[in-house]
Amino acid sequence: MITLVSKDIEEYSVEHTTKLSKHLNELIDITKETRDDYGMICGPIEGTFLHFLVMISKAKRILEIGTFTGFSAQMMASALPDDGELITCDIEESTSAVAKEFFVKTKLDKKITQKIGPALETLKSLQGKFDIVFIDADKENYVQYYKRAMELLSEGGLIIIDNVLWGGKVLNPIEETDKAISELNELIKNDNKVKQVVLPVRDGMTLVMKSA
Ligand SMILES: C[S@@+](CC[C@H](N)C(=O)[O-])C[C@H]1O[C@@H](n2cnc3c(N)ncnc32)[C@H](O)[C@@H]1O
């Protein structure tokens, strides 16, 4: 798991954060056992923070780009009211199947709809408005995801973007992925129609609020 703080501080913070449910710990264990890329799970601190954001904002409709095995989707959906809805997109069938198994196990499947396929295509087919959009998929498409998310977002809604500091590589972007994230960070910085904060949590998260 990528984190910008020391391992000791990260562990201390996790220890003092509300414990995860049995099912979420089981999901992390299964993902670790079966996937080399298990570090893609956003983890307990960011996940719990997402849960808080959904509760505080009283969001009812959420769009997630990047399901993986469904950890962040569960963290957010469990904070939605009974009539709330979360749509989550991913291109990969095998991880989406694991996610689905756990959505059913936790009965969150009633609130969660999975869309399998390239997220840009899925986003074209969706209708707004969403109260929260969480962007956590392929970085090369971040700018396009952001632009479409803005169209689908309600006034006063929130876009949350993960990995915006990209292990510090945004300070000196070299690879295409570094440049894509850096481009989005500049786009948001220069957009006077939004308010944003870049949090150096885990690998960096930006919260962007669309003006009401
Ligand atoms: C960082 S993981 C998401 C982690 C998840 N949000 C969590 O915290 O548990 C990124 C996901 O984006 C998906 N992805 C990559 N390219 C995609 C694309 N073009 N369309 C949809 N999903 C894509 C990958 O399959 C992967 O599951």
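I count two residues as in contact if their C-beta atoms, placed from the backbone, lie within 7 Å. Helices (H or I, at least four residues) and strands (E, at least two) are DSSP runs numbered from the N terminus.

Before going on I noted that this is a predicted model, where local features need pLDDT of at least 70 and side-chain atom pairs count only at pLDDT 80 or more, while totals for chains, interfaces and linings use all residues. Residues are numbered from 1 along each chain as its sequence is written.

I looked up the strand order and found an open sheet of seven strands, 3-2-1-4-5-7-6, with mixed pairing; two strands pair if DSSP finds at least two bridges between them. Strand 3 (112-116) and strand 6 (194-199) stand at the edges with a single partner strand each, so one side of each has no neighbour in the sheet. From one strand to the next the twist averages 15°. Strand 2 (residues 85-90) runs parallel to strand 3, and five bridges join them. Asp90 stands opposite Ile116 in strand 3.

**Helices on the sheet.** I then followed helix 7 (residues 142-152), which lies across strand 1 (61-65), strand 4, strand 5 (153-162) and strand 7 (205-210), at about 175° to strand 4. Helix 5 (residues 93-105) lies across strand 2 and strand 3, and runs at about 170° to strand 3.

**Gly128.** I found this residue in the loop between helix 6 (119-125) and strand 4 (130-135). Leaving out residues up to four places away in sequence, Gly128 touches Glu151, Leu152, Leu153 and Ser154. Gly128 and Leu153 are 25 residues apart in sequence, yet 6.4 Å apart in space, C-alpha to C-alpha.

**Ile135.** Not counting residues up to four places away in sequence, I listed the contacts of Ile135, among them Ile65, Tyr142, Tyr145, Ile159 and Asp162.

**The ligand.** I counted 18 residues around the ligand, the closest being Cys42, Phe68, Ser72, Ala119 and Asp138; a residue is near a molecule if its C-beta atom, placed from the backbone, lies within 6 Å of it. Helix 4 (71-77) and strand 2 each supply at least two residues of this shell.

How values were computed
Axes fitted to C-alpha atoms, helices over the stretch in contact; angles between N-to-C directions.
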